[in-house]
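This report concerns charged side-chain pairs and their surroundings. The structure is shown first, followed by the description.

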Amino acid sequence: MAYTAMSGNGTTAGDDPLQTAVWRLRSRACWADAAALLQPVTAPAALQRASLLVERCLYTEQGWEEAEDALRTAEALAHSDDERGAAACERGQLAYAATLHGVRDRADEARAALGRAAALIAPGARGRALLDFRRGLLAENLARSPQAARAAYRRAHAGATAHADPLLLSFTWRHLAGLALRDGELAEARHGFAESLRIREELGYLVGTAPALASLADAESEPEASRLREEAGRLFRLLGGVPTWLSRQLTPPAGAA
């Protein structure tokens, strides 16, 4: 299957040994090492390699040129609508990450690329769930439209459920919970954050576990909130300060004890 980004390939027994090795490296924030295992001579391999390097940019704020190069290769090798749609989805995610981290304002490029992906990826296809999730990220973090974000996340959640994609479900649970927390719905937020954390721990998605712990801490009361943040901080330091943006969430507010 061409569309492998955030699909959780390699997470279960019996998976292809190469995918298992890629997953283990990816889950431990070793995206460059995981990408090095993939030879970009076919569209599926090139797309997966590009997705790994795009994800590295989002988590580390580094490696932009390598991701651009990998993405151009994937775009050149893509021939079917599914492959072209997957490449456009990765193009949109890279532009989103660059905008989010203040590298360069590429919001228009992100919207256009995800729009192209929507025209190419068939409704109900596995890749559609990831596309919906990423459109939700744009709506929430660039357009500042929580209502549009919630609708996109719910579509992504339904798609991830239908296609048995637990890793994507961990993302949709977390982002829906974040919107619930913003609205003051503490019970709903705790449930969503707890589900996200549970899935990530079960999958061994170490690089995503610290953010899940920190998010759950935001919805908990003391002393549980401090315990969760301490555990998140331990994992954050273990991975060398990745994801970079988590440091702001782990820093106590000014004046806090």
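At 11% relative accessibility, Glu 68 counts as buried (buried is under 20% relative accessible area, exposed over 50%, partly exposed in between; 1.4 Å probe, protein chains only). The model is predicted: local features need pLDDT of at least 70 and side-chain atom pairs pLDDT 80 or more, while totals for chains, interfaces and linings use all residues. Residues are numbered from 1 along each chain as its sequence is written, and side-chain values use heavy atoms, with hydrogens and water left out.

Glu 68 forms a salt bridge with Arg 106 (a side-chain nitrogen of Lys or Arg within 4 Å of a carboxyl oxygen of Asp or Glu). Arg 106 lies in the loop between helix H5 (81-100) and helix H6 (107-120) and Glu 68 in helix H4 (residues 64-77), so the pair ties together parts 38 residues apart in sequence. Helices are DSSP runs (H or I, at least four residues), numbered from the N terminus. Arg 106 is buried too, with a relative accessible area of 7%.

Arg 91 takes part in a salt bridge with Glu 75 and in another with Glu 109.

| Salt bridge | N to O distance |
|---|---|
| Arg 106 and Glu 68 | 2.9 Å |
| Arg 91 and Glu 75 | 3.0 Å |
| Arg 91 and Glu 109 | 3.8 Å |

Arg 91 is buried at 10% relative accessibility, whereas Glu 75 is partly exposed at 31% and Glu 109 is partly exposed at 28%. Arg 91 lies in helix H5 and Glu 109 in helix H6, so this pair joins parts that are 18 residues apart in sequence.

A network of salt bridges links Glu 68, Asp 69, Arg 72, Glu 75, Arg 91, Arg 106 and Glu 109. The whole structure holds 22 salt bridges.

Technical notes
Helices (H or I, at least four residues) and strands (E, at least two) are DSSP runs, numbered from the N terminus.
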